[in-house]
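Trainee: I would like to learn how to read a model like this one, feature by feature. Please give me the general idea each time, and then the case at hand.

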Amino acid sequence: MQAYLEEIYHYTDIDQIQTNKLSQLLEKEQLKLKQLSDGLSNNNQQNKDQKNELSELSEKNNKENLISKEKIENLNKLNENLKTLQKEVNQLEFYQNLLNELQIIYKINNLTNEILNILNKYNQLFKNNENFSYQILFLEIKNNLQSIITIFTNEINVSNKQSIYNSFLNFIEKEIYENYFNFQLREIMKSLGWYEGESMTSDTLTLSTSDSINKKKKKKKELIELCKVYIIIQNLIDNLQFKMNNNSLQHSLQNNLQNNNTLQSTITLKCIKILSEPFSLRFHFHFYGNLKTNKLERPQLFFGFIEKILNQEIGFLQEEILPLIKYYSINGDDLNNNLILLDPVTYFCNLMIGLLSNKVKSNLNILKNELLKDYNNNNINDYNNIKDVFILTINESVLFEQSIKRDNPLVDSILDIIVKDEEIYNLWIKYDLEYIKNIVNEKKNDWTIHLQNSYKKFTSDEEQQVDESKCSISSYWLLQSLAILNDRYKYISDCKVRLKFFNNIHIYLLNDYLKLLNNEMENNYLRNIYEEEENWKKYCSQINSAIYVENLLRDWSEFDYMLEMSERSSSNSGGNIDGIFDGLANDFALLADQMIRRIITLIIDPIKFKFMNKYLPSLLNEDGYKSDKILQQLIDNTSRELQVLKEGLTTIKFHQVWRGLCHEIDNFIMSDLQHLKEFNDILIH
């Protein structure tokens, strides 16, 4: 029992110890819990403080927002007031501009009405055949015009400025130009008989009396005086146009200067257009109606009509109108010295050429449509007749172009109008090529005869260039034909079109002649000089012909219009810029060299054979091997051939033959004869 109790006490002590430990742990945990509780109390206090701060900030922000809202409302009200004020200002400006514009319009209208009253007064004097001076007329309207010009250049500053200016130009065009100057010019020209066929330069009417002659001279004097005033007024307006449209006019000026170095002023040449009206009306009367002169197959009639007008009327323009244009033209300083006015002669020519171009184009279109139809053997004659008329119209155009361009290169081109229609210029190329081929075929036999019988004795041994007397007649015909073709196409300004003509026609003709010379070289078997001396001379003429053609082709390649085509051709092919004829010139040069080499061979080969059989044994047996004697013997045996070649070839080509022969002889002596000598020595020993 005691043991049991001891054991119980033992376990009781253990429990007590554990209980104490647990109590200690509990105390520690309670301490921690207290610490946590104290920390939580502190945090709650801090949160409360922060919440109070946030509440205070929120109240402050609310107050500030209220203040900002009031400011925004005030600003919006201020903006509305500003907008209202701006509208009122804009309205004031609009009414002010409108008032200024109305004042300017009123001022300009008063000035133009004064001008109109003056013109009406003088127009009535003109209709009543009363005497008056155009110079005085000009002085009366000059101040008003200058006042208007001053308004536009200095005073006017409104949004509708261009519209007002355009209205003023319409007034100038209608009231001053058309209703007054143009009207009176036409009336004076009627009294001078220009609409009935009289010339500008004529001072007498058909079946005129002395009184009517004096009246006509007086009318012509009035016309010149009117043109003078016309030009002066137009120059005033021209100056105004430049000042009003400085940028656009300067741009137009630069473009025209880049194209033609000229600027056509439609204002300063208006009077020329009116002066050309009688001739334009007569042209339309004769060549657009049902008269016999308007025949498709007779283009020479309307070309002759225009040529006659130009020949007769240019003198009047040069003597009477050109000095006025030059004297009263725009001062160069106003246009920075860049303005070059087209002279009245050129402008008048262009007006007449315009009539001609329209007629040519109309006729060619009719002919083209007929030629492009299908034809059979039954109506082939109709086709040939239409083709002949087409070719005749083209030929007349070319002849007219050549004539007018030689006298005045600045005039417009008829050919440029023609080649704008691709179908027309393709037909032109086709028929020109057919014509050339027919001529070549007809002359083929003559060419051969000329190549064989055209040698003429050459007298100057010092001549360094090709002498025509040494060439075949065929080469003259060829180059003359090419020169004619050059003139035929060189005035076509479109380089692409011009190049097409040259590639189709010139190149064909040159290639054909090159083949002919090649055939002659291959078929001409030269024999003994003593039996066929004339044949040798003819062969020389063929060599000279090839060189002659080569030299002229190289010269032609340097012409400006040829260089332009060469650049076009090179740009299309992406290659280097060569002359348009350089390739063929090289072919002719190569042919001449081949013919020279053939002559050298023809001379040296039989001499070698003859020398080996006849002269060599005796020379070797008598004196042994002596190169100087052998050389002298070879020269003696070629003396006749060399004499013929010296007379027949140019100096340069003869020297080429001589150098070639010397080279061959040198090789013969230094190689062939040396080997023979060594072989002969072996046989002897």
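Trainee: Among contacts between residues at least 6 apart in sequence, what share joins residues at least 24 apart?

Mentor: A contact means heavy atoms within 4.5 Å. In this protein, 77% of the contacts between residues at least 6 apart join residues at least 24 apart. The model is predicted, so local features need pLDDT of at least 70 and side-chain atom pairs count only at pLDDT 80 or more, while totals for chains, interfaces and linings use all residues. Residues are numbered from 1 along each chain as its sequence is written, and side-chain values use heavy atoms, with hydrogens and water left out.

Trainee: How many helices and strands does the protein have?

Mentor: Helices (H or I, at least four residues) and strands (E, at least two) are DSSP runs, numbered from the N terminus. Here there are 20 helices and 0 strands.

Trainee: What percentage of the residues is buried?

Mentor: Buried means under 20% relative accessible area, exposed means over 50%, and partly exposed lies in between, with a 1.4 Å probe and protein chains only. Of the 685 residues in the protein, 40% are buried.

Trainee: Is Asn 363 buried or exposed?

Mentor: Asn 363 is buried, at a relative accessible area of 3%. The residue is found in helix H9, residues 344-371. Leaving aside residues up to four places away in sequence, Asn 363 touches Leu 296 and Phe 302. Leu 296 is 67 residues from Asn 363 in sequence, yet their C-alpha atoms are 6.6 Å apart in space.

Trainee: How do the axes of H9 and H10 cross?

Mentor: Axes are lines fitted to C-alpha atoms, for helices over the stretch in contact, and angles run from 0 to 180 degrees between N-to-C directions. The axes of H9 and helix H10 (residues 380-407) come within 10 Å and cross at roughly 155 degrees. That makes the two helices, H9 and H10, roughly antiparallel. The cut-offs are under 35 degrees for roughly parallel, over 145 for roughly antiparallel, 65 to 115 for roughly perpendicular, and oblique for the rest.

Trainee: What is the handedness of the crossing where H9 passes H10?

Mentor: A crossing is left-handed if the near helix is turned anticlockwise from the far one by less than a right angle, and right-handed if clockwise. H9 passes H10 in a left-handed crossing. On the H9 side the contact includes Ile 353, Leu 356 and Val 360, and on the H10 side it includes Tyr 383, Ile 386 and Phe 390. The residues of this H9 and H10 contact comprise 13 nonpolar, 2 polar and 2 charged. Ala, Val, Leu, Ile, Met, Phe, Trp, Tyr, Cys and Pro count as nonpolar, Asp, Glu, Lys and Arg as charged, and the others, Gly among them, as polar.

Trainee: Which residues of H14 meet H15?

Mentor: Leu 510, Tyr 513, Leu 517, Glu 520 and Met 521 in H14 do so, and their partners in H15 include Tyr 539, Gln 542 and Val 549. By class, the contact of H14 with H15 has 8 nonpolar, 2 polar and 1 charged residues. Helix H14 spans residues 495-523 and helix H15 residues 533-556; their axes come within 11 Å and cross at roughly 155 degrees. H14 and H15 are therefore roughly antiparallel, and H14 passes H15 in a left-handed crossing.

Trainee: How many salt bridges does the structure hold?

Mentor: A salt bridge is a side-chain nitrogen of Lys or Arg within 4 Å of a carboxyl oxygen of Asp or Glu. The structure holds 13. One of them pairs Lys 270 with Glu 173, with the closest N and O atoms 3.3 Å apart. Lys 270 lies in helix H6 (residues 270-275) and Glu 173 in helix H3 (residues 161-191), so this pair ties together parts that are 97 residues apart in sequence. Lys 270 is partly exposed at 22%, and Glu 173 is partly exposed at 35%.

Trainee: What separates Lys 219 and Glu 222 in helix H4?

Mentor: Lys 219 and Glu 222 are 3 residues apart in helix H4 (residues 210-244), so about one helical turn separates them. Their side chains meet in a salt bridge of 3.6 Å, N to O.
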